[in-house]
Structures are given as C-alpha cells and as structure tokens.
Amino acid sequence: MSNATAITPTRAQDFPEWYQQVVRAADMAENSEVRGCMVIKPWGYGLWENIQRQLDVKFKETGHVNAYFPLLIPLSYLEKEAQHAEGFATECAVVTHHRLEAQKQPDGTVKMIPTGELAEPFVIRPTSETIIGAAFARWVESYRDLPLLINQWCNVMRWEMRPRLFLRTAEFLWQEGHTAHETAEEAIAETRTMHKVYEDFMRDHLAIPVIPGEKTERERFPGAVQTFTVEAMVQDKKAIQAGTSHYLGQNFAKAANIQFLGRDNTRQLAHTTSWGVSTRMIGTVIMAHGDDDGVIIPPRVAPNQIVILPVTPKADTRDEVIAACEALAQTLRLQTFAGEPLRVHVDKRDLQGGAKNWEWIKKGVPMRLEMGPRDIANRSVAVCRRDQGPKAKEFVPKEDFLQNVTERLQEIQDALLARATALRDANMKKIETLEEFKAFFAEDSEGGFALMHWAGSSDDEDTLSKDLKVTIRCIPHGDQFAEEGKCFLTGKPSSHRVVFARSY
RNA sequence: CGGGGCGUAGCUCAGCCUGGUAGAGCGCUUGCUUUGGGAGCAAGAAGUCGUCAGUUCGAAUCUGGCCGCCCCGACCA
C-alpha cells in the first residue's frame, strides 16, 4: 500500500488536526489521564533536552547561574503585586490540605479524605517572580550584591481552559530567568540581552526566523513595565509567541521588598527582570517545519541527527550488514556538528525496512542512511535527507560521505531556515487601510502578518481583537519597520509599523 | 464558564432508533511466504460496552443522576 502522505489530514486540509496527528505519529507526546497534562515521550523529551542544554550554555555565557526554588508559593505572595495577582488569578491550582485520611468503606475499598487544612493555602507556581523575589530580598543588602543573575529550569502549572499538546498545557516545562539590578538602565540592558539570546537561538538552532519586538500594554506580562517577545510564523500563517523577556521596573522589588544600600548610602529598590521559554518551542518547531509526512527536526536540536537503517534482505548477510552499520556509526560519532558529537542511531530492530524508514520520516530525523550488502561491496551509503522528498536518495561513496557529513547537516539546517523565512516573508504584508486589513484577515483568506501603522489605544486594540480575532503581536524592532505614516484606524500620525496577526 | 459533540479491544470506530449480554479495520503474538522498503496468507490473544441507579424475565441498546473527554468561544507561554 502507498498513501500519498504519511499524515492524514494534510496541512492544507485541516491544520489543527494535522498537528495532533503529527505529534502522535512522531511519538513525541500524548495526553495523559490528568486533564491538560501531557506525557512527553522520549523522542519529544530528547528534543527538549537538546534545547535545554544548548540554551543553558548561552545563559552561562551571559553570566547567569542556575538555582531552584519551591514548587509551592504561599498564597499571600501572589497578593503582593496587584496586576500580577489579577493576571494569574483564573489559572491557579491551589493546595489546601497537607494530609489524607484512609477511610475503609463497608465494601472493603478505601477512600482517601483530605484532612489537615492548611492555615494558608499554597499555589502551585504559575511563574516564580514572587517567591524568587522574596529570596532576592534576603540576599541583597548592598549594591555590591548586585546584579543577581539567576535562572531556574522547572515545571509550572497554569490551569488552562483549552489545552493542546506542547502549545498550551496545564503543566509545562520551561526556564525562568530572574535578575535584579542596581539601575534601570542595567536591567533594561539585561532584558534586551536575553531577548537577543532567544532571537538568535530560534534562528540558529531551531531554524525559525522570528520578529523581535515589544508587546503593547494590553499584551504585556502582568506586572511588567516592558515585555519583549519573539514572534514566529508557523505554516497556517498564525503567530506564536516563542519567548518573552520582561523589564519589571521596581514593581516586583517593591512587592517583595528587594532593597539595597546604594553607593550614595541611601536605601533603594532594585530593578528586576524575568525571561522565559517553554516546551511550547517544541510545538513551534513542529508547526514551523513539519510537512505532510510528519515532523522535520532541525539537525542542531534533533535527538538523533542520523539514523542508520541496515538493509538485510538475506539472513546470511544480516550480521555482516549490522556490523558494518555499527562501525559506520562509531566513525560518525567521532565527528562533531555545531560543537557537539554527532548523534547517530542504528535501528537494528527486526522489522520490515519500509516500515522503519517511514517511522523515522514521521519522527523527522534529519538524515537517514541505508546500508546493505550492495553498499558494502561498493563502499557506498545511501543518503536520504528529511528536507527532501521521502523517495529522494543519493548513493555516495562512504569516504566522501564521511568527509562532508557535517556540511550536509548544515545544508539541511540552512534549508529549513530558508524555507521558514520564505514562508514568513511571503505572508508578511504592509497594509494601509482598514478595508484591506479586514480582507487580509477575512475568514476565507490566508492571513499572515499585517504590518500596520498604529497609533490606537488599548480599547481600539480590544475592539479589533474581538471583531477580527487578531492582536498586535509586537511593535517590531528594526529600521525596516520605522517610517512615517498614518494609523490605519485613527488616522493619527505614526512613525512605526506594528505586526498584527492571529495567534496561538 | 457559555454553545455543540462523544464515552464499546492498545488506536479509529460500527452496533443503540426497532432490548435477547460484542463486531470491523489498524496494531499486537505465532507460523509460513516475501524482502533495497510502510508486504501477503493463516492461526491467535485482547473488551465486566465511562459510572451509579431505575425499567425489564433479560440492558451496550430504554430512562435518570454523576464522572470524564473532544471541538468552538472567553483566558493564556
């Protein structure tokens, strides 16, 4: 049998359903018995581990250190910053008891009854500004204690109404950086540095071009003075916020009382920042690069960059072929790609070759190698690239392949970035009038990123969001967006375009 | 929390209207055949039909309560 595509439906037929099917076909994650909480399976978690490790290097390079803070946050901590409290109020899981009583039922079963009510409930962290702020308040006494540059890798919980694997789950994995500084300038510089780290990481590691920019007041993190975002476009032309970096001013320092004695011998409030990316990035990679045959993982972050498929048509040559594949894998693992040893897997399972081949296509491994008796005789390997069609196969002399394998991987990495950039640029359009704007986001139109002159209010933004389901994704950085014009809604003068889009 | 839909084998679902206590495809196991490709044939394992109660000689099927899930909104990384 031969399906036209490995995934049904195709992206064009039903993008949301395609996404669900792809996650399943690639065996990356599944819904668990706990509502909104996913099980991240080894192939998905392997991708997260690579993202985590590579980002962690960048955090260390920019001077940060890792630490760990409690999962449970006293309810009163959340009450200290009014905007923050309101922002997260509707999505908090609350712990109210600290023990259970096992009650034997007449039918022999046991019921567990919560007892031991807590004097003060705990909230399972939706984010850790408040509890880390409390720690910072203890740690900071003098300007000499600053800056504090801390990062935490952890899970957080936000009781979402409508969960979706990776994109929006009740529990998710992330990192949250929290820093405290002596001056506003320094804190703003930190916010921008980390914003840039995210932008570079998305482009260079995940092969996703993002629009970096600032959020409007309406879209800002609850309690922040400024929120910076990196916005990616995925293949249904919607925007996805892939990472954020917040300048918190002195709001959280005030709430948590992070004070220090300054150079002028006066007590001052610190200026803080926070910044984070989550497992949502995995969903972004899937939606940005995947095709109708499954996921395509950029080589730099792929759990396995190369999978070797032994071709064993005859039982008597099987051992020889497998030995040759293992030897090839060992040789490859001595090489490095982007500073890390090549991650090579030999799939020795006793399954039909075609079935295995398709499995790895759906998982999105960047490069598949086939080696059988004929290849051993010819001293060649068959090379299949995931950025090309499932049938595309190139027979290459083994020695040549060993010489240029990393260049080939880089070509795949570059091809994915080029493809994603082309998609974004083709669907990003300067628009001048409200009529065109409405047409751009009409039900039956493609949509995309609309670059608009904007000088409207938060209320105007609200109205547009309700009527057309579009939001201002960001006020983008960069000269190409700066130009004189008039707001398409209010007609007021504007010196800059903003990005409107539908979003995840 | 509003508006729709659905809970039957690991997965996708049929059966329900017109009660007589279970079916298909895929997957899984075994055997034979096949083998540069998601293969074929055969045999087999696997479900107290979400749950509790009611009606009935008899309930997957009818009635009611409860629980859970999915989709569309509002909320969000």
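A disulfide is defined here as a pair of cysteine sulfur atoms within 2.5 Å. The structure is a predicted model, in which local features need pLDDT of at least 70 and side-chain atom pairs count only at pLDDT 80 or more, while totals for chains, interfaces and linings use all residues. Residues are numbered from 1 along each chain as its sequence is written, chains are lettered from A and ligands numbered from 1 in the order in which they are written, and side-chain values use heavy atoms, with hydrogens and water left out.

**Cysteines**

- A disulfide is a covalent bond between the sulfur atoms of two cysteines.
- How many disulfides does a search of the whole structure find? The search returns 0.
- For Cys 325, the closest cysteine sulfur belongs to Cys 384 and lies 13 Å away, which is too far for a bond.
- Seen from Cys 384, the closest cysteine sulfur is that of Cys 325, at 13 Å, again too far for a bond.
- Cys 325 is buried, at 0% relative accessibility; the term buried means under 20% relative accessible area, exposed means over 50%, and partly exposed lies in between (1.4 Å probe, protein chains only).
- Cys 384 is likewise buried, with a relative accessible area of 2%.

**Salt bridges**

- The structure contains 30 salt bridges, a salt bridge being a side-chain nitrogen of Lys or Arg within 4 Å of a carboxyl oxygen of Asp or Glu.
- One of them joins the side chains of Asp 200 and Arg 203, with an N to O distance of 3.1 Å.
- These two residues, Asp 200 and Arg 203, are 3 residues apart in helix α6 (residues 184-204), so about one helical turn separates them. Helices (H or I, at least four residues) and strands (E, at least two) are DSSP runs, numbered from the N terminus.
- Asp 200 is buried at 17% relative accessibility, whereas Arg 203 is partly exposed at 30%.
- A further salt bridge connects Asp 462 with Arg 218 at 2.5 Å, N to O. This pair links distant parts of the chain, 244 residues apart: Asp 462 belongs to helix α14 (residues 458-468), and Arg 218 to the loop between β9 (210-214) and β10 (226-233).
- Asp 462 is partly exposed, with a relative accessible area of 27%, and Arg 218 is partly exposed as well, with 29%.
- Glu 446 and Lys 237 also meet through their side chains in a salt bridge, at 2.9 Å from N to O. Glu 446 lies in the loop between α13 (434-440) and β23 (449-453), and Lys 237 in the loop between β10 and β11 (239-247), so the pair ties together parts that are 209 residues apart in sequence.
- A network of salt bridges links Lys 215, Arg 218, Glu 219, Glu 231, Asp 462, Lys 466 and Arg 473.

**Surface patch**

- Tyr 68, Leu 71 and Leu 72 make up a nonpolar patch on the surface, with about 270 Å² of accessible area together.
- Leu 71 is located in the loop between β3 (65-66) and β4 (72-74), and this residue is partly exposed at 34% relative accessibility.
- Patches consist of residues with over 30% relative accessible area and no salt bridge, where like charges are joined within 9 Å and nonpolar side chains (Val, Leu, Ile, Met, Phe, Trp, Tyr) within 5 Å. Accessible areas come from the Shrake-Rupley method with a 1.4 Å probe, and for residues only the protein chains shown count as cover.

**Strands and sheets**

- An open sheet of 3 strands has the order β4-β6-β5, with antiparallel pairing; two strands pair if DSSP finds at least two bridges between them.
- β4 and β5 (94-104) stand at the edges of this sheet with a single partner strand each, so one side of each has no neighbour in the sheet.
- β4 pairs with strand β6 (residues 110-124) over 3 bridges in the antiparallel sense, and Pro 74 stands opposite Phe 122 in β6.
- Strand β8 (residues 171-181) is mostly covered, with 9 of its 11 residues buried.
- Strand β7 (residues 148-157) pairs with β8 in the antiparallel sense over 10 bridges, and the bridge partner of Val 156 is Phe 172 in β8.
- β8 is also joined by 8 bridges to strand β14 (residues 271-278), and the two run antiparallel. The bridge partner of His 181 is His 271, in β14.
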